[in-house]
Amino acid sequence: MALQVQVYRTVPTAAHSGSNSLLWSTRQSVVCVTGDRASSVGGRGSRRVCLKVKASLDTTAAAAAAAAAAVSTVGQVTEVNKDTFWPIVKAAGEKAVIVDMYTQWCGPCKIMAPKFQQLSEKYLDVVFLKLDCNQENRPLAKELGIKVVPTFKILKDNKVVKEVTGAKFDDLVAAIESVRSS
């Protein structure tokens with residue numbers, strides 16, 4: 001679906017028969033916007049105006065496409081971002097979802113990454129995700145209440161039920177076991 005906007009400074013004086021063009025006086029101008037492109041039409045001496053419009057439908061469609069492309073795989077850790085996180089969590093249904101919140105520069109995060117991968121291969125009834133808490137994903141990290149990394153959030157039915165902060169492997173295993181048994 002495309003958004004189309006036409007802005008007239010003054011009313012056009014006449015139209016050519018059989019065409020889409022309009023006749024303009026020297027002071028008239030118009031801006032036609034379709035999607036994310038703009039063009040300005042006007043007579044001699046007209047003011048040129050340039051607009052760029054991005055419809056929320058375009059943004060929503062891009063987010064939906066990104067979410068559809070991101071699918072969690074059993075036995076693997078799936079990288080998510082602010083657009084794909086909630087759709088994957090919702091798609092997990094009643095399964096537990098464990099999210100590794102990390103950053104690229106975090107030493108303890110790098111130590112936990114291969115251990116987290118091993119857990120994903122062990123617990124095949126659990127969805128394992130990882131989220132880089134970088135600038136792009138900061139709003140989601142803030143929404144989830146991340147203050148330190150690594151932080152592991154365990155969700156069930158779209159709600160956080162357990163949290164383990166720091167590189168505490170044994171605490172993470174205990175939390176996974178308790179959520180699986182409940």
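I started with helix α3, residues 107–122, and checked its length: at 1.5 Å a residue, its 16 residues should span 22 Å, and the end C-alpha atoms lie 24 Å apart, which agrees. I keep in mind that this is a predicted model.

Next I looked at the helix axis. I found a bend of about 30° at A113, with a proline, P114, following within four residues.

Which residues of α3 are buried? I noted C109, M112, F116, L119 and S120. I then looked up what these buried residues pack against, and my list reads β6 (77–80), β7 (96–102), β8 (126–132), β9 (151–156) and α5 (169–181).

Then I turned to the rings. How many aromatic pairs are there? I count three aromatic pairs. One of them is F85 with W86, an edge-to-face pair at 4.9 Å centre to centre, with 75° between the planes. Is F85 buried or exposed? F85 has 0% relative accessibility, so I put it down as buried. W86 has a relative accessible area of 21%, so I marked it partly exposed.

I also looked at F116 and F152: their ring centres are 5.6 Å apart and their planes stand at 40°, so I call this pair tilted. The pair links distant parts of the chain, since F116 belongs to helix α3 and F152 to strand β9, 36 residues apart. F116 is buried at 1% relative accessible area, and F152 is buried at 0%. With F128, these two residues form one aromatic cluster.

Methods: Residues are numbered from 1 along each chain as its sequence is written. This is a predicted model: local features need pLDDT of at least 70, side-chain atom pairs count only at pLDDT 80 or more; totals for chains, interfaces and linings use all residues. Side-chain values use heavy atoms; hydrogens and water are left out. Helices (H or I, at least four residues) and strands (E, at least two) are DSSP runs, numbered from the N terminus. The expected span of a helix is 1.5 Å times one less than its number of residues. The bend at a residue is the angle between axes fitted to the seven residues ending there and the seven starting there. Buried means under 20% relative accessible area, exposed over 50%, partly exposed in between (1.4 Å probe, protein chains only). Contact means heavy atoms within 4.5 Å. Rings of Phe, Tyr and Trp (its six-membered ring) pair if their centres lie within 6.5 Å; planes under 30 degrees apart count as stacked, over 60 as edge-to-face and the rest as tilted.
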